[in-house]
There are 4 protein chains.
Amino acid sequence: MENPSIILRTVCPDQPGLVCQLTSWINSSGGNIKHSDHHTDQDAELFLSRIEWDINSYPINKLEIFKGFQQIAKNINAKFTINYTDEIPNVAIFVSKQNHCLIDLLWRVRNGELKMNVPLIISNHPDLEGLANDFNAKFIYYDATYNQKSEIEKQILNKLKLFDIKFAILAKYMQILSESFLNEFPEIINIHHSFLPAFKGSQPYHRAWKRGVKLIGATAHYVTKDLDEGPIIDQRTVRVSHRDEVDDLIRKGRDIERISLARAVLMHLNHQVFVYNRKTAVFD
Amino acid sequence: MENPSIILRTVCPDQPGLVCQLTSWINSSGGNIKHSDHHTDQDAELFLSRIEWDINSYPINKLEIFKGFQQIAKNINAKFTINYTDEIPNVAIFVSKQNHCLIDLLWRVRNGELKMNVPLIISNHPDLEGLANDFNAKFIYYDATYNQKSEIEKQILNKLKLFDIKFAILAKYMQILSESFLNEFPEIINIHHSFLPAFKGSQPYHRAWKRGVKLIGATAHYVTKDLDEGPIIDQRTVRVSHRDEVDDLIRKGRDIERISLARAVLMHLNHQVFVYNRKTAVFD
Amino acid sequence: MENPSIILRTVCPDQPGLVCQLTSWINSSGGNIKHSDHHTDQDAELFLSRIEWDINSYPINKLEIFKGFQQIAKNINAKFTINYTDEIPNVAIFVSKQNHCLIDLLWRVRNGELKMNVPLIISNHPDLEGLANDFNAKFIYYDATYNQKSEIEKQILNKLKLFDIKFAILAKYMQILSESFLNEFPEIINIHHSFLPAFKGSQPYHRAWKRGVKLIGATAHYVTKDLDEGPIIDQRTVRVSHRDEVDDLIRKGRDIERISLARAVLMHLNHQVFVYNRKTAVFD
Amino acid sequence: MENPSIILRTVCPDQPGLVCQLTSWINSSGGNIKHSDHHTDQDAELFLSRIEWDINSYPINKLEIFKGFQQIAKNINAKFTINYTDEIPNVAIFVSKQNHCLIDLLWRVRNGELKMNVPLIISNHPDLEGLANDFNAKFIYYDATYNQKSEIEKQILNKLKLFDIKFAILAKYMQILSESFLNEFPEIINIHHSFLPAFKGSQPYHRAWKRGVKLIGATAHYVTKDLDEGPIIDQRTVRVSHRDEVDDLIRKGRDIERISLARAVLMHLNHQVFVYNRKTAVFD
C-alpha cells in the first residue's frame, strides 16, 4: 500500500523560476516530492505543473496548505487545484442498454485499479439494474419517453447532490445532456465510439462500415455543450477489414471503448489531466 | 526466385457453385493453384474471388486464357481481370516538395519489394529532380503558377501515354487533379496525411493539433473526383501527446504516411485490392 | 440471428483440384457456401481448408454428411473435422486468484459474443467462488497444498467428464497440468503474461521490468506438455516506460491478457484455428 | 528555426530539494527553462533529471557553466552531462549488406530530422559504397575473411578517432564487436531484428517463423559486451500470420527496424536517454 499523497496542479502564464518557486514552497515545509511533471505550451504561453508529494511526512494541515499556496498562486497569476489521494470521490455512471463499459469500470473499481466509489447508476433504460445491484450501487431508471427532459435532468441533478457525486461518467449513455445541466454539473467524461473528429453523432460504426475505413476508433473526452467536441483525453484504434460486418465493428469496438474510457477515468482520478484551450494535457 | 503466376480476379453476383466453377476451369488445363481467396459481401450480394496459379505448368497461352474465361464470365455475369506477375508495370509518381514518400517508394523498388518500374516523376516544384536522377527516372517539372491547369494536365496525360504508364501514385502531391483528367487516367493512389474521413482537405496536421487529438493518422486511397473520398486501401495511426508541436506531428506522420502508401502500392501491384461500392476489399 | 452453419476443416497433402473437389461435394447436395478460406503451407506441403455453409438449406443429415466426407477424405488422405454452429460446447475455466480473465470471458458469454456454456469453474484457491455463483457455474475448489497432484487431477478429469466439457481455458491458472492429464484431456487454451518465447515460466512481469523492456506482451496458446511451448493463437503487446513499476506492468498487462485470451477463445469456438507442426494457422 | 539550448542531465541519489536546487542554479543566471523532466526510480533510490534552457539569453560561457554545476554535483553526489544543441556530433554508421536502415538514417539526416553528421560508413561488405558516396560519406570496407579481427578493430578505432566520431550506429551490421573495442569506444546503438529478449543472436526471423509467433519485433539498444543484452531504448512489433513466409517476416521487419532505430537515435541525439542498472529511462 502506497502512502497517500498531496497533488498540486498549477496553470499559469509562463515566466522564469516557476518550477523552483513551486518546489521551494513544498520543500520548505519538509515535503518529499514523489513525482513532478511540468510542461510549457509555447503556443499558449502557459506553464502547466503537477507535483505529488508524501502526505505522511508533511506537518501542515489541509487548510494551511490551501491558504499557503493561494498566496503563491496570486503572485504568479495561477489557477490551481490541490487533491489528496486518500480522498476517494463518489462517481455516478450513466448508462443505457449496453453493459460492457459499466461492467469494466465496476470491475476495475472492485480490483482497486480505479480509486473511486460508485454509489449511483443512472439510466434511461431498466436493463442494467441487476448489474448495479451486484455492485451495491443505487440504480435510478427514468423513462425518457414519457417525461420532460428538463424535469428528468432536474431530478438527476438532485440525485447527484444527494449522493455527493464529484464527477460523472457516460458509459455508453445514449442521451444528450442539456447545456443547463452541464452548467450545473460540468465534470463529465464520455466515451464516443469513433475516432473523433470522424463520425461525430449517432451510429458511427454503421457510417464507418459504409465508408470502408480500415481502422475503427474510440474516443474518451470531457463533455461540453457541443456534441462530441469536448477536450479529448484518450483515443484508440483497431484494425478492421472487408470481412468485418457492422456487428464485427461493434464487437471489436467494445474492447477499445472499454480500455479508452478506463484509461481516461484513471488519468482523471489521478489528477493527471489538464484542460485548457478545449484540449487536454495528460501527464502520464 | 518465385515462379511467375497468373492472377484472376472475379466479381459477380453471389450464386451457388462459383468457387468450384472457377477452380474447375483452372484445374482442367492443369493449373496448380498457389493461393485462392474468396469473399461474399452479403450486404451487396456480391462474390469476390482472387486465384493465383503457376504459369510455368500452364499449357495454354494468354489469349486462350482470356477467351476461355470470358465465356465463363458471361455465364456468371462477372467482371474480371487477368494479370501476370512477370509483367512489370510502368508507374508514374507525382510529388511536390516533400521527399519522404518518393524516396521510400524508390528504395522499395530498388530492393525488389515493389515490383514496378518508375520511369517518370512529375512535379509542380523543381526540388526533387536530383532524387529522380539518382534513380534514373525522367523528372518533369511544370510551373502551376504561370500555366493553365487544363493545359498542364493535357501535357501530363501525353507523358503518361508516352511512358506507357499503367497507374500513378500521388506521393504527397499537393495539387488536385481535375475530373476530366481522372476520366482519362483513373488508376491513381494517393496518400492523405490524416485518418480519413477526419481532416479532409488541407493542413490536416495543423487542424489535428488544434483539435487536440491523441492519435494522428494516414490514409492511402484511390483518387476519385470527390476530394479525399475515394476507396480506402490502408490506414495507420500513431500516438501523439500535448508535448508534440505541429512539427512533431508532421515528423511522426511521415513514418505512417510512408508505410501506409507503400503497403497500398504493394497490395495494388499484387492485384490484391478489389474496388466496389466506393470501398475496397484487400485480400492480404 | 444468423442461420446455423456447417463448418468443415480439412488438412491434407497439397495436390491439384482440392478446392474444386471439396466445393463440388458441398454444392452437389445443394449447400450454399457462406465462407471459404484455403491456405497452402508450401514449406510443409500441406493444404488447409475451412468451408462454412448454410445448414438450413442442406437436405442431408449429420451422419450422412460425415460418412459422405469420410469417403472423400480417404481419397485425398485428409484429416478433417465437421462442426455445427448450433452445437454450443460446454467449457470449463480454470482459475487461481486473479479474476480479470474469468470475468471478461463470462461477460462475453453472457453478451453472446462467445458461443459457449460455462457450467464448471475449477480453482486451486477459494477466492472466485462468488463470481462463479453470479454466473451460475459450479465452482470446484481443491487445495493443492494438502493433496496429491495426481489425485487432484484424477478428480478434475472426472468432473470434466461429468459436465461433458469439450475444452478448457486456463484463465490465469497458476498450476502446471501433468503430461498424463493432457493426454486424457488435450484441448486446453492458456494465457501467458508475456510475449512468448520471451519470459517463459513464472513472474514474467517482474523479469520484464528488470530487463527494462519497452513493451510487454501476452500470449494465448494451446497447452502442451512443454511449458509455454504450445502452438500460439494470439499475441498482443502494450507500451511501457521507465515510469512504470512492476505493478503498472501487471495493470497494463491485464488488458492485453483479457483481449488476447478472448480472441483466442473466439477463434477456437468458431473453428478458425488449425494446429500443425506445433504452430497454428488462424483463418480470421 | 528553434533557438539553441543547453541540456543538463543529472543522476544522483534521491534527496529532498533536488529540483529546486537545479532550477535555482539555472534561474539565478537568468536561464529560461524550455523543458524539464524528472523521474525518481524508487527501487534504485535514484533521481534523474533533464533540463533544457535557452542558450541565447544565457550570459555565462560553457566553461563557467561546467565549473558552476560541477560544484553543485559534488554536493548532491551527482553524475551529470551538459550538452549544447548547436554542437552537431559526428556519427559513424556500421553496415553489412542490407541498406534499409542506412538509407533511412541518411534520409533523416538530410531532412534535418536527425541532427548529426555522418562522415564515415564502415562495412564488412563492399555493397553499400555507392549509397555512402551519394551522401558524401567516406566508405571503409574491410574484408573480415582474410584479416585478423583484432587488427581490423584497431584500424576502425583509428578511423573513428580520425573522423572525430562521437558515437556509432550498427545499422544491420552482422559482426560482433569485441569487448576490448567496446572498452575503447562504448557509445554504440544497435538494431536487433527481434523483440528482445526473445530470439537473441542470429536468424531471429527464421526462428520466429519456426516458433509460429503472431507478432515479430525489433529492438534498438546500446551495445554491451553481452550479445543483445544491452539497455533497450525502443521496441516495436508488427502482426504476422500463417500466410507470411520468412521472406514476409523479413520484409515487414524492415519497417519496424528502421523506425525503431531512427527513434532510438533521435532520443540519443536529443540527450533524452539515461542509462543505469542496465536499463534506460527515455524522457520523451
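Author: Two residues are taken to be in contact if their C-beta atoms, placed from the backbone, lie within 7 Å. The model under discussion is a predicted one.

With that criterion, the part in question can be described residue by residue. D:Leu18, D:Gln21 and D:Trp25, which belong to helix 1 of chain D, meet D:Phe69, D:Ile72 and D:Ile76 of helix 2 of chain D. Sorted by class, this contact comprises 5 nonpolar residues, 1 polar residue and no charged residues. Two packed helices are described by the angle between their axes and the distance between the axes. Here helix 1 spans residues 18-28 of chain D and helix 2 spans residues 62-76 of chain D; their axes come within 11 Å and cross at roughly 170°. Angles over 145 degrees count as roughly antiparallel. Helix 1 of chain D and helix 2 of chain D are therefore roughly antiparallel to each other.

Chain D also takes part in an interface with another chain. In that interface, 22 residues of chain C are in contact with 22 residues of chain D. On the side of chain C that touches chain D, strand 11 (232-239) and strand 13 (279-282) of chain C are the elements that give two or more residues. The residues on this side of chain C are 9 nonpolar, 7 polar and 6 charged.

The interface of chains A and B may be described in like manner. There, 22 residues of chain A are in contact with 22 residues of chain B. The elements of chain A giving two or more residues to the side that touches chain B are strand 11 (232-239) and strand 13 (279-282). By class, that side of chain A holds 9 nonpolar, 7 polar and 6 charged residues. Of the interface residues of chain A, 100% are also interface residues in chain B, so the copies meet through the same surface.

Chain A is superposed on chain B by a rotation of 180° with 0.0 Å of shift along its axis, at an RMSD of 0.0 Å. The two copies are thus related as by a two-fold rotation axis. Among the residues of chain A, A:Ala198 comes closest to the rotation axis, with its C-alpha at 2.2 Å.

Within chain A, the domain assignment gives domain 1 (5-84) and domain 2 (90-282). The centres of these two domains of chain A, taken over C-alpha atoms, are separated by 31 Å. Domain 1 of chain A brings 10 residues to the contact and domain 2 of chain A brings 6 residues. On the side of domain 1 that touches domain 2, strand 1 (5-13), strand 3 (46-54) and strand 4 (79-84) of chain A each give two or more residues. That side of domain 1 of chain A divides into 5 nonpolar, 3 polar and 2 charged residues.

Chain B, finally, contains an open sheet of 7 strands in the order 7-6-5-8-9-10-11, with mixed pairing. Strand 7 (138-141) and strand 11 (232-239) of chain B stand at its edges, each with a single partner strand, so one side of each is left without a neighbour in the sheet. Strand 8 (residues 165-170) and strand 9 (residues 188-192) of chain B pair in the parallel sense over 3 bridges, and B:Ile169 stands opposite B:Ile189 in strand 9 of chain B.

Terms used. Residues are numbered from 1 along each chain as its sequence is written. Chains are lettered from A and ligands numbered from 1 in the order in which they are written. This is a predicted model: local features need pLDDT of at least 70, side-chain atom pairs count only at pLDDT 80 or more; totals for chains, interfaces and linings use all residues. Two strands pair if DSSP finds at least two bridges between them. Helices (H or I, at least four residues) and strands (E, at least two) are DSSP runs, numbered from the N terminus. Copies are superposed by least squares on the C-alpha atoms of residues with pLDDT of at least 70 in both. Ala, Val, Leu, Ile, Met, Phe, Trp, Tyr, Cys and Pro count as nonpolar, Asp, Glu, Lys and Arg as charged, and the others, Gly among them, as polar. Axes are lines fitted to C-alpha atoms, for helices over the stretch in contact, and angles run from 0 to 180 degrees between N-to-C directions. Angles under 35 degrees count as roughly parallel, over 145 as roughly antiparallel, 65 to 115 as roughly perpendicular and the rest as oblique. Domain bounds come from an automatic or database domain assignment.
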